[in-house]
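Biologist: Can you walk me through this one? Please start with any term I will need.

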Amino acid sequence: MPPRKRTAAEAAAATPTTPEAGPGRGARRRSGRASGRTSSYFEGNGKDDNDDDDDVDELGDSRRPRKVARVEAKAKSPRRKGKAKGKVESESDELQHEDANEKENEEEDSDEDEGGDGDDGADDGDAYEEYKDANVEDDDPGDDDDDDDDDDDDDESESQPPVVQKRGRGRPRTGATPVKKNGNVNAKTKTETKTKSAAKPKAKAKAKAESEEPEVEDEDDSDDDEENRITFIPAVQLRDLDGVDYEDTKLHKNTFLFLKDLKANNQRNWLKTNDKEYRRSLKDWESFVETLTEKIIEADETIPELPLKDVIFRIYRDIRFSNDPTPYKPHYSAAWSRTGRKGPYACYYVHVEPGKCRVGGGLWHPDAPSLARLRASVDERPQRIRRVLASPAFRKTFLPGARADDEKSVVTAFAAANKGNALKTKPKGFTPDHRDIELLKLRNYTVSKKIPDSDLLANDAQDRIMRIITPMVEFVTFLNSVVMPDPGADSDSDEADDVGDAENGDEPDDDSDDI
């Protein structure tokens, strides 16, 4: 049911009696509370709109709007100083809109008052009372309290500002459409719209600048392209034979030409490109070694018949602990011994390299026990090695500078040929004034003879090699008898040594003390 209208008496009691707050311009309906306190939310008080700021200063903080007072109190708090600044700005904007709405409402009220008869305030008051009396219904007197409560609720609803939904930190604002109140647009919404519109050209300019930047190629991609790049190399043709066929008893000239080119281009790519030429020269060398092995076995019966892989050295170098990074040996070589190219026995050696071909043999870098046995033999039975070195065929082939009738010159020439890695001082356990100190300092017991390349290209190449190997058989047999003696060979050698010592005027060795 509609609320009850007040009587004239009630309306007169509620109307202020001061002339400033009369029923004329600027008059407002006040709450009928018992305390008589007026709401501090409205700032008209019967004055013009231009005097609102002065009234707030004159009334003081007690009469100022509750919303402004609350905002200023929060701004002064040290705990919320960081958050109060933004909230004050937003809430002050809301108050400005509310003040503007109040002013418009006051102007509308004043226009309605001016549209009347133009009489004084008393006549207007009487007309107001007659209008109330005509429309008031008779109700119980107890309903006055209900009317007062209704009025209080109306005042409280008018005094409460509109609730603005606050935006959480880090969350995008929803519903950014501008809200219109009495034809006015929210100033905050306008500011955000301007900011977004100003940011759009900047974002477009930045995107355009990034698109105009030249693309930088990744170095890793370029490296991958280089690695995956395929290079076509024309196939290398084999050399002409020039009318000379390959034979098993001699080497072909193309084999020497290949070794010469390998020395000049000692690289894996080059050898891979010339693989056919390498295979042909290697086959020529293997056939030559295979036929030569038969003749060496005829000269020295202790040499067994072994596979080629146990005799021929590979051309691949071990560069793990070498300062020379070249991957291949620019020569072919082979060694014949009781165990092939490896083992503790003395061997026969053939080296094929353009301009550096040679034939030799002996014991190269023996291990410590073998070297100790050799030094013991030189110390205890020096006549044995002297007799081998002084042999006419051996001396003429490998020590041409030594005199035939002087054993000392032969020993000196043999020591000079092996002084490359000899000791600088005496070995441990020997005196410096030893008779054969030069032989005791040696760590290699080898001999070699250089031969021209033409000897290996001749039809009798293997016969020329055997003329060098045959005088060396006695020397190799002596070294093997010392390093790895055969069972029952010591007695024969000792008797021979004793006979040789007696012929030279030396006393024979007495082995009775050793028993």
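Modeller: One cut-off to begin with: a residue is called buried when its relative accessible area is under 20%, exposed when it is over 50%, and partly exposed in between. Also keep in mind that this is a predicted model.

Biologist: OK. Which class does D242 fall into, then?

Modeller: D242 has 54% relative accessibility, and the cut-off for exposed is over 50%, so D242 counts as exposed. D242 sits in the loop between α8 and α9.

Biologist: Where else does a residue other than glycine have a positive phi?

Modeller: H365 is one of them, with phi near 50°. H365 lies in the loop between β5 and α12 (368-380). With a relative accessible area of 47%, H365 is partly exposed.

Biologist: Back to the α8 and α9 loop. Where is D245, and is D245 buried or exposed?

Modeller: D245 is in the loop between α8 (219-227) and α9 (253-264). D245 counts as exposed because its relative accessibility is 53%.

Biologist: Which residues form the negative surface patch?

Modeller: The patch consists of D245, E247, D248, E290, E294, E298 and E305. E247 is also placed in the loop between α8 and α9. E247 is partly exposed, with a relative accessible area of 34%. The C-alpha atoms of E247 and W285 are 10.0 Å apart, although the two residues are 38 residues apart along the chain.

Biologist: New topic, salt bridges. How many are there in the whole structure?

Modeller: A search of the whole structure gives 15 salt bridges. As a general point, side chains of opposite charge can pair when their charged atoms come close.

Biologist: How far apart are the closest N and O atoms of E277 and R280?

Modeller: The closest N and O atoms of E277 and R280 are 3.0 Å apart. Both residues lie in helix α11 (residues 275-299), three residues apart, which is about one turn of the helix.

Biologist: Are E277 and R280 buried or exposed?

Modeller: E277 is buried, and R280 is buried too. E277 and R280 also belong to a network of salt bridges that links them with R239 and D261.

Biologist: Which salt bridge links distant parts of the chain?

Modeller: D486 forms a salt bridge with R338, and their closest N and O atoms are 3.3 Å apart. D486 is in the loop between α19 (473-483) and α20 (490-503), while R338 is in the loop between β3 and β4, so the pair links distant parts of the chain, 148 residues apart. D486 counts as partly exposed because its relative accessibility is 39%.

Biologist: And D406, what is its partner?

Modeller: D406 forms a salt bridge with R403, where the closest N and O atoms are 2.5 Å apart.

Biologist: On to the strands. How many residues of β3 are buried?

Modeller: Five of the five residues of strand β3 (residues 332-336) are buried, which leaves the strand mostly covered.

Biologist: Which way do the side chains of β3 point?

Modeller: Y332, A334 and W336 point one way, while S333 and A335 point the other way. In general, the side chains of a regular strand alternate between the two faces of the sheet.

Biologist: What does β3 pair with?

Modeller: β3 pairs with strand β4 (residues 347-352) in the antiparallel sense, over five bridges. A334 stands opposite V350 in β4.

Biologist: And how does β4 connect to β5?

Modeller: β4 and β5 run antiparallel and are joined by five bridges. Y348 stands opposite G361 in β5. The two strands form a hairpin with five residues between them, and G355 in the turn has a positive phi of about 85°.

Biologist: Why is β5 called largely enclosed?

Modeller: Because five of the six residues of strand β5 (residues 358-363) are buried. L363 lies in β5, and L363 is buried with a relative accessible area of 5%.

Biologist: What stands opposite L363?

Modeller: Y445 in β6 stands opposite L363. Six bridges join β5 to strand β6 (residues 445-450), and these strands run antiparallel.

Technical notes. Residues are numbered from 1 along each chain as its sequence is written. This is a predicted model: local features need pLDDT of at least 70, side-chain atom pairs count only at pLDDT 80 or more; totals for chains, interfaces and linings use all residues. Side-chain values use heavy atoms; hydrogens and water are left out. Patches are made of residues with over 30% relative accessible area and no salt bridge: like charges are joined within 9 Å, nonpolar side chains (Val, Leu, Ile, Met, Phe, Trp, Tyr) within 5 Å. Accessible areas come from the Shrake-Rupley method with a 1.4 Å probe; for residues, only the protein chains shown count as cover. A salt bridge is a side-chain nitrogen of Lys or Arg within 4 Å of a carboxyl oxygen of Asp or Glu. Lys and Arg count as positive and Asp and Glu as negative; His and the chain ends are not counted. The place of a charge is taken as NZ of Lys, CZ of Arg, CG of Asp or CD of Glu. Helices (H or I, at least four residues) and strands (E, at least two) are DSSP runs, numbered from the N terminus. Buried means under 20% relative accessible area, exposed over 50%, partly exposed in between (1.4 Å probe, protein chains only). Two strands pair if DSSP finds at least two bridges between them.
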